[in-house]
Amino acid sequence: MKLEQHLVFNIPPKPASRPRVTRFGTYYSKTYTNYKKDMQQLIDKMRIDKYYGLIRVSMKFYMPIPKAVSKKKRLEMDGLYCDVGGDIDNLQKAVYDALNTIAWSDDKQIVSIGKIDKVYSVNPRTEITVEEIFMR
């Protein structure tokens, strides 16, 4: 028996940023900090089960289509793979940071990464599937 949950976050994906270090301390960009807060608020409203065992995570990032693209071209681009909007590993890291200690106890529980895609969409969002892996 495997426990699996599919989560949908209806906010545009944002990549994790590098920490900025000054003599006054370390901080992250405002857009990244706001993205993490928004993700955490949405997960609190979902009331999902927290994972304590080993897990596999799959993600699909639906990136916004650039505003300069015509309406006709937008419909053609919807669902095509995307090469803008940040590196896929930074998008993935942002999700791990946002959901750490909320959806799972610690991100070291993630022992398997499923398929991760980044595509254009007229409805930007992030879809995550979390699946508990049971040891034999």
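**Strand pairing, core and aromatic contacts in a predicted model**

The charged end of Arg125 sits over the ring of Tyr62, 3.7 Å from its centre. A charge is taken to sit over a ring if NZ of Lys or CZ of Arg is within 6 Å of the ring centre and within 35 degrees of the ring normal. The model is predicted: local features need pLDDT of at least 70, side-chain atom pairs count only at pLDDT 80 or more, and totals for chains, interfaces and linings use all residues. Residues are numbered from 1 along each chain as its sequence is written, and side-chain values use heavy atoms, with hydrogens and water left out.

Arg125 also meets Ser121. Their side chains make a polar contact at 3.5 Å. A polar contact is a pair of N or O atoms within 3.5 Å; within protein, one must be able to donate a hydrogen and the other to accept it, and residues adjacent in sequence count only if both atoms are side-chain atoms. Ser121 belongs to strand β5, residues 110-121. Helices (H or I, at least four residues) and strands (E, at least two) are DSSP runs, numbered from the N terminus. Ser121 is buried, at 5% relative accessibility. Buried means under 20% relative accessible area, exposed over 50%, and partly exposed in between (1.4 Å probe, protein chains only). Neighbours within four places in sequence aside, Ser121 is in contact with Tyr62, Met63, Pro64, Ile65 and Asp78. Contact means heavy atoms within 4.5 Å.

Strand β5 also holds Ile110. This residue counts as buried, at 15% relative accessibility. Ile110 touches Ile55, Val57, Tyr96 and Trp104, residues up to four places away in sequence not counted. The C-alpha atoms of Ile110 and Leu54 are separated by 6.1 Å, although the two residues are 56 apart along the chain.

Strand β6 spans residues 125-133 and pairs with β1 in the antiparallel sense over 6 bridges. Two strands pair if DSSP finds at least two bridges between them. Leu7 stands opposite Ile128 of β6. Glu4 has Glu131 of β6 as its bridge partner. Strand β4 also pairs with β6 in the antiparallel sense, over 9 bridges. Here Val57 has Val130 as its bridge partner in β6.

Strand β6 has both faces covered. Arg125, Glu127, Thr129, Glu131 and Ile133 on one side are buried, as are Thr126, Ile128, Val130 and Glu132 on the other. Because 9 of its 9 residues are buried, β6 is largely enclosed by the rest of the structure.

The largest nonpolar core has 32 residues, of which Trp104 and Ile128 touch the most other members. Two or more residues each come from β1, α1 (30-46), β4, α3 (88-99), β5 and β6. Helix α3 gives the most, with 6 residues. A nonpolar core is a set of buried Ala, Val, Leu, Ile, Met, Phe, Trp, Tyr and Cys residues joined through side-chain atoms within 4.5 Å. Ile128, neighbours within four places in sequence aside, is in contact with Gln5, His6, Leu7, Phe9, Met39, Val57, Ser58, Met59, Val95 and Leu99.

The structure holds 2 aromatic pairs. Tyr28 and Tyr32 form a tilted pair, 5.5 Å centre to centre with 55° between the planes. The rings of Tyr96 and Trp104 have centres 6.4 Å apart and planes at 70°, so this pair is edge-to-face. Rings of Phe, Tyr and Trp (its six-membered ring) pair if their centres lie within 6.5 Å; planes under 30 degrees apart count as stacked, over 60 as edge-to-face and the rest as tilted. Tyr96 and Trp104 are both buried. Tyr32 is buried at a relative accessible area of 1%, whereas Tyr28 is partly exposed at 39%. The charged end of Lys36 sits over the ring of Tyr28, 6.0 Å from its centre.

Pro66 lies in the loop between β4 (54-64) and α2 (71-77). Pro66 is partly exposed, at 34% relative accessibility. Neighbours within four places in sequence aside, Pro66 is in contact with Arg74, Met77 and Tyr120.
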